[in-house]
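The sequence and structure are shown first, and the description follows.

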Amino acid sequence: MRMWNKPFRGRPGRAALALAAALALAGAAAPLSAALSTSAADAAEAQGGGRDRLLPTPGVPRISDGPYAGFQLCGSAAGKPVVTSGSPTLAATLESVAPPGTVETPNADGNRHKVVFEVDAADGKQIVRKQLTSDTSHDAAYQLPEGKLTNGEYRWRARVTDADAVSEWTAWCDFTVKRS
């Protein structure tokens, strides 16, 4: 006990070096052992068996005049997006479906996810509800058919489903259609 009360002078001894190495090794191994010790419920959920599994909400909702025009971000400081096309493209990022460090397991459609797009008029009347299958696990886009929208105020949102797992809806993206 007395050796701990003495001030340290000189080079560290072998015991001190061994203790430091053991602590460093334990610190490095702790996250690994925690990651490897999953319960059966965690394993079932990771394999898509968890009925209560909630996918993260798609991010970065955006809208464009068409498939080759630049996108306007929803909810940006620039204000409400304005499109001049009657068939704008809606898009969202789905990369949150497979969080970093997880393995994306194929479903019946391969690694593709079902994405539901909803478009409403400003008064809340539904104009379009479309479910698509995303060709990638990172992004989903839907180009509205010509003639569905006239000049006016609209809003859209999206969510993703994968087997029995469902995400929350994105926030509504308000936009204006101003055709010439």
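A residue is called buried when its relative accessible area is under 20%. By this criterion, buried residues make up 29% of the 180 residues in the protein. The model is predicted.

**Overall composition**

The protein contains three helices and 11 strands. Read from the N terminus, the elements follow the order α-α-α-β-β-β-β-β-β-β-β-β-β-β. Among contacts with a separation of 6 or more, 63% are between residues 24 or more positions apart. The accessible surface amounts to about 11500 Å², and carbon and sulfur atoms account for 56% of that area.

**The four-stranded sheet**

Four strands form an open sheet in the order β3-β2-β5-β8, and their pairing is antiparallel. Because β3 (71–73) and β8 (139–143) each have a single partner strand, they stand at the edges, and one side of each lacks a neighbour in the sheet. On average, neighbouring strands of this sheet are turned by 25° against each other, direction ignored.

Within the sheet, β2 (residues 59–64) and β5 (residues 89–93) are joined by four bridges in the antiparallel sense. Here G59 stands opposite T93 in β5. Strand β2 also holds V60. The phi angle of V60 is positive, at about 50°, although V60 is not a glycine. Is V60 buried, partly exposed or exposed? With a relative accessibility of 44%, V60 counts as partly exposed, because this class lies between the limits of 20% and 50%.

**The largest nonpolar core**

The largest nonpolar core has 22 residues, and the members that touch the most others are L90, F117, V119, W156 and F175. Two or more residues of this core come from each of β6, β8, β9 and β11. Of these, β9 gives the most, with four residues.

| Strand | Residue range |
|---|---|
| β6 | residues 114–121 |
| β8 | residues 139–143 |
| β9 | residues 152–162 |
| β11 | residues 173–177 |

Which residues does F175 contact, leaving aside its neighbours within four places in sequence? The partners of F175 are I63, K80, P81, V83, V119, L149, G152, E153, Y154, R155 and W156. Two of these partners, V119 and W156, are named with F175 among the core members that touch the most others.

Notes
Residues are numbered from 1 along each chain as its sequence is written. This is a predicted model: local features need pLDDT of at least 70, side-chain atom pairs count only at pLDDT 80 or more; totals for chains, interfaces and linings use all residues. Side-chain values use heavy atoms; hydrogens and water are left out. Two strands pair if DSSP finds at least two bridges between them. Axes are lines fitted to C-alpha atoms, for helices over the stretch in contact, and angles run from 0 to 180 degrees between N-to-C directions. A nonpolar core is a set of buried Ala, Val, Leu, Ile, Met, Phe, Trp, Tyr and Cys residues joined through side-chain atoms within 4.5 Å. Buried means under 20% relative accessible area, exposed over 50%, partly exposed in between (1.4 Å probe, protein chains only). Contact means heavy atoms within 4.5 Å. Accessible areas come from the Shrake-Rupley method with a 1.4 Å probe; for residues, only the protein chains shown count as cover.
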